[in-house]
Amino acid sequence: MRPSVFITQPVAASAIGRLQGLADVQWNRDTVHIMTKDELIAAVREHDILFCLLSDRVDADVIAANAGLRMVATMKITPSDIDVAAATARRIPVTVVPPIVTEATADMHFALLLAVARRVVEGDRLMRDGVFPGAQSMHLMGAGVWGKTIGLIGGGGRIGRAVARRARGFSMRTLYWGPRRIPEVDERELDLVYVSLDRLLAESDFVSVHAPLRPETVHLIGARELALMKPGAFLVNTARGPIVDERALVDALAKARIAGAALDVFEREPQVEARLLAMSNVVLTPHLGSAVVEVREALANVVVDNIVALIEGRQPPNCWNPEIYGAAHQDR
């Protein structure tokens, strides 16, 4: 009997085609619908393997929906929002993807930075409304980027370093902070200056968030940190939403404590703080960091690689809980 796979949203056709050669495949065909818990449970009941995406929450109830569930294969770098313990208890492999989104996310980060500084979205809306203020109008005065100071929170990581390389092209002074300082040779190569978090916040024209989401980084940027920023500074976050206290950010923006924000991630995705939607000095995108055709195709095919390995009786190459392949597993 052929295995059955359910995919929670459309992915690259090449990946689906590969799966169809080995399994019966069904998927949610709506590109804008994130499946509800009840929908996930219904899908898991009917399929051996779940192919899920970043926004999906696969909790213990979803995993328990099918006694024959063989795998949870996610297109995420880490299995956040997946109950790995529940899967491991049943010796169900949970697989992930390698960090191949670095350059695409860094591109998106700089695109957001430029968009909020130069008021690109506001200008686009004006044009679509038939308003052309004039080539030297004061109506959409923005902030310069060339030669300014950018502060990278978690700047020693892959995406932080990629953003630092882009900042060099804009002759920016680049500060960074993280729990560990990177080697001096890397600092010299990227023109990075290691400072305390408070100094970074106080001196940066653009505060860029690149920290991983961990218990200690939830609300790393809150009311106190926002109050340390310059009134003319911008916050840019393409890391994870809960790192920034969204309500504190709204308050800082409403009181003009900072100049603006650009966000690709949100504290309670897919929900967005309603007041952010009404703010013209905020640029919002729906978690597009990896939304590049070739990157998404590569990611989807890595997930397929993991699924193919399982079907062929091999340990998946990107298994998050490899302990299930111990002696007890062999006795099944």
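The tour below goes from the overall view to a single helix.

**Whole protein.** Keep in mind that this is a predicted model. The protein has 14 helices and 12 strands. Along its principal axes it spans about 70 × 50 × 30 Å.

What is the radius of gyration of the protein? The value is 22 Å. A compact globule with 332 residues would have one near 20 Å, so the protein agrees with that rule.

**Contacts.** Next, look at which parts of the chain touch.

**Surface and inside.** The accessible surface comes to about 15,900 Å². Carbon and sulfur atoms hold 54% of it. Of the 332 residues, 49% count as buried, meaning under 20% relative accessible area.

**Charges.** Color the charged residues. There are 37 positive and 39 negative charges. Their mean positions are 3 Å apart.

**Helix α6.** Select residues 120-128, which form helix α6. Which of its residues are buried? They are E122, G123 and L126. These three cover an arc of only 100° around the axis, so they sit on the same side of α6. An α-helix has 3.6 residues a turn, so residues three or four places apart point the same way.

**Last stop.** Select G130, which follows α6. The phi of G130 is positive, near 80°.

Key
Residues numbered from 1 in each chain as written. Predicted model: local features only at pLDDT ≥ 70, side-chain atom pairs only at ≥ 80, totals over all residues. Heavy atoms only, no water. Helix = DSSP H or I, 4+ residues; strand = E, 2+ residues; numbered from the N terminus. Rg over C-alpha atoms; globule rule 2.2 N^0.38 Å. Buried < 20%, exposed > 50% of the residue type's maximum accessible area, 1.4 Å probe, protein only. Areas by Shrake-Rupley, 256 points an atom, 1.4 Å probe, with all protein chains shown as cover. Lys, Arg positive; Asp, Glu negative; His and termini not counted. Charge placed at Lys NZ, Arg CZ, Asp CG, Glu CD. Arc of directions from axis to C-beta.
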